[in-house]
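This briefing describes a single protein chain for a reader working with its coordinates.

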Amino acid sequence: MKRLLAFGALGAAVAAAVVLSGVIPLKSDGHWAITHWFLDFTKRRSVATHSIGIEVPPLDDRSLIMSGAGHYDFGCKPCHGSPGMAPPPIPERMTPHPPDLRQQVGRWTPAELFTIVRGGIKFTGMPAWPAPERDDEVWAVVAFLRRLPNMSAEEYLRFSGSLGSGVQGSTVHGSEVLARCEHCHGAGGSGRAQGATPRLAGQKVEYLRRALQAYASGARHSGTMTPVAAALNAEQLNQLADHFSGSLVRPTPAVAPLSALGEQIVTRGIPSHDVPACAECHGPNPREKNPAYPRLTGQYPEYLQLQLRLFRENRRGGSEYADIMRTIALRLTDEQANAAAHYFAGSASEK
């Protein structure tokens with residue numbers, strides 16, 4: 001035992017001497033082969049263990065893939081490249097360098113990809129998802145990554161919204177800021193991705209301003225929106241809110257069945273469950289109750305359902321009015337939430 005302790009102490013002393021000497025190079029010129037194998041093996045075992053028990057949702061929905069592609073284009077492409085674009089040269093000099101994901105996605109199951117995207121990887125520069133409350137956003141990126149290996153350059157441009165944003169003539173200072181918004185929200189904020197992101201055109205300016213401020217501060221959770229909003233200065237934030245609210249025409253409402261249940265909830269509420277009429281705050285209503293309450297008519301039903309679910313699970317955050325919506329969302333069944341969302345989507349929009 002004494003001999004083992006002596007060897008251990010000697011080993012520790014040698015290791016300390018090597019570290020203190022400064023002879024270990026820190027320059028980013030790659031790992032030894034044995035080091036690379038050991039780190040990769042450790043990574044794979046860790047991801048496999050931490051992905052045990054993760055329930056994978058359906059990932060084939062086109063809107064989910066488009067939402068993930070929009071984030072990838074801004075958050076991931078600068079390091080990993082994209083179809084039609086090789087990995088950028090500067091990240092190639094990192095150790096380890098960010099891999100071409102088209103060649104790597106097949107190594108991982110959807111649950112393992114979720115673990116990586118959500119948690120990041122230490123010592124690699126791969127960050128964790130900025131909003132751990134939003135698993136739905138992480139799954140959107142996973143849905144996109146599963147399609148990435150077989151995606152053509154043209155498909156990538158369509159899915160990510162990079163084909164053009166129609167920002168010519170914009171009064172927003174710095175058209176690249178507006179282009180970034182339209183990547184996900186469609187030209188003029190008229191919508192894209194069938195509900196993965198909301199329509200912004202014609203929304204109340206006060207609501208848009210407050211939403212951007214909440215995203216920037218982290219009060220409203222989103223790993224996609226928080227980095228975008230946090231990069232805006234006060235002038236850009238106000239210009240974007242004014243642009244989408246006042247300078248554009250409201251989009252054509254989505255086609256959706258107007259059920260009797262949806263009409264009841266929106267126009268009359270459910271008094272027996274203390275659920276007020278949605279229209280009292282969100283329209284259509286000739287009287288504007290509060291400029292900070294968003295208009296919901298003509299909005300994608302999938303987006304509205306997602307917001308109700310996030311409120312119910314206390315994963316949305318936002319303004320000082322968030323607790324009001326959380327209480328209401330908890331009193332709605334899935335059927336009732338679905339009916340109300342579709343009613344709003346199919347209702348005539350107000351100016």
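The points below are grouped by topic.

This is a predicted model, in which local features need pLDDT of at least 70, side-chain atom pairs count only at pLDDT 80 or more, and totals for chains, interfaces and linings use all residues. Residues are numbered from 1 along each chain as its sequence is written, and side-chain values use heavy atoms, with hydrogens and water left out.

**Overall architecture**

- The chain has 17 helices and 0 strands; these are DSSP runs numbered from the N terminus, helices being H or I of at least four residues and strands E of at least two.
- The C-alpha trace spans about 85 × 50 × 40 Å along its principal axes.
- Of the 351 residues, 44% count as buried, where buried means under 20% relative accessible area, exposed over 50% and partly exposed in between (1.4 Å probe, protein chains only).
- Among contacts (heavy atoms within 4.5 Å) with a separation of 6 or more, 68% are made by residues 24 or more positions apart.

**Nonpolar cores**

- A nonpolar core is a set of buried Ala, Val, Leu, Ile, Met, Phe, Trp, Tyr and Cys residues joined through side-chain atoms within 4.5 Å.
- The largest such core has 27 residues, and Tyr72, Phe144 and Leu145 have the most contacts inside it.
- At least two residues of this core come from each of helix H3 (62-75), H6, H7 and helix H8 (153-160), with H7 supplying the largest share, 7 residues.
- Beyond its neighbours within four places in sequence, phenylalanine 144 is in contact with Ile65, Gly68, Ala69, Tyr72, Met151 and Tyr156.
- A second, separate core of 22 residues includes Tyr300, Leu304, Leu332 and Ala337.

**Helix H6**

- Helix H6 (residues 110-119) is mostly covered, with 7 of its 10 residues buried.
- Those buried residues are Ala111, Glu112, Leu113, Phe114, Thr115, Ile116 and Val117, and their cover includes helix H2 (33-50) and helix H7 (135-147).

**Individual residues**

- Leucine 212 belongs to helix H10 (residues 205-217) and is buried at a relative accessible area of 14%.
- Not counting residues up to four places away in sequence, leucine 212 touches Met225, Ala229, Leu232, Leu237 and Leu240.
- From C-alpha to C-alpha, leucine 212 and threonine 35 are 44 Å apart in space, and they are 177 residues apart in sequence.
- Serine 245, in helix H12 (residues 234-246), counts as buried at 18% relative accessibility.
- Leaving aside neighbours within four places in sequence, the contacts of serine 245 are Gly202, Gln203, Lys204, Val205 and Leu208.
- Arginine 295 sits in the loop between helix H14 (279-282) and helix H15 (301-312), and its relative accessible area of 14% makes it buried.
- A polar atom of the arginine 295 side chain lies 2.7 Å from the backbone oxygen of glycine 202.

**Second largest pocket**

- The second largest pocket holds about 340 Å³ of space, a volume being the space filled by probe spheres set on grid points joined across faces, edges and corners.
- A pocket is an open set of points on a 1 Å grid over the protein atoms alone, where a 1.4 Å probe fits, with protein on both sides within 12 Å along at least five of seven lines; lining residues have an atom within 4 Å of a point.
- Its lining includes Ile24, Pro25, Leu26, His31, Trp32, Thr35 and Thr95.
- The lining residues divide into 4 nonpolar, 5 polar and 2 charged; Ala, Val, Leu, Ile, Met, Phe, Trp, Tyr, Cys and Pro count as nonpolar, Asp, Glu, Lys and Arg as charged, and the others, Gly among them, as polar.

Note on methods
A polar contact is a pair of N or O atoms within 3.5 Å; within protein, one must be able to donate a hydrogen and the other to accept it, and residues adjacent in sequence count only if both atoms are side-chain atoms.
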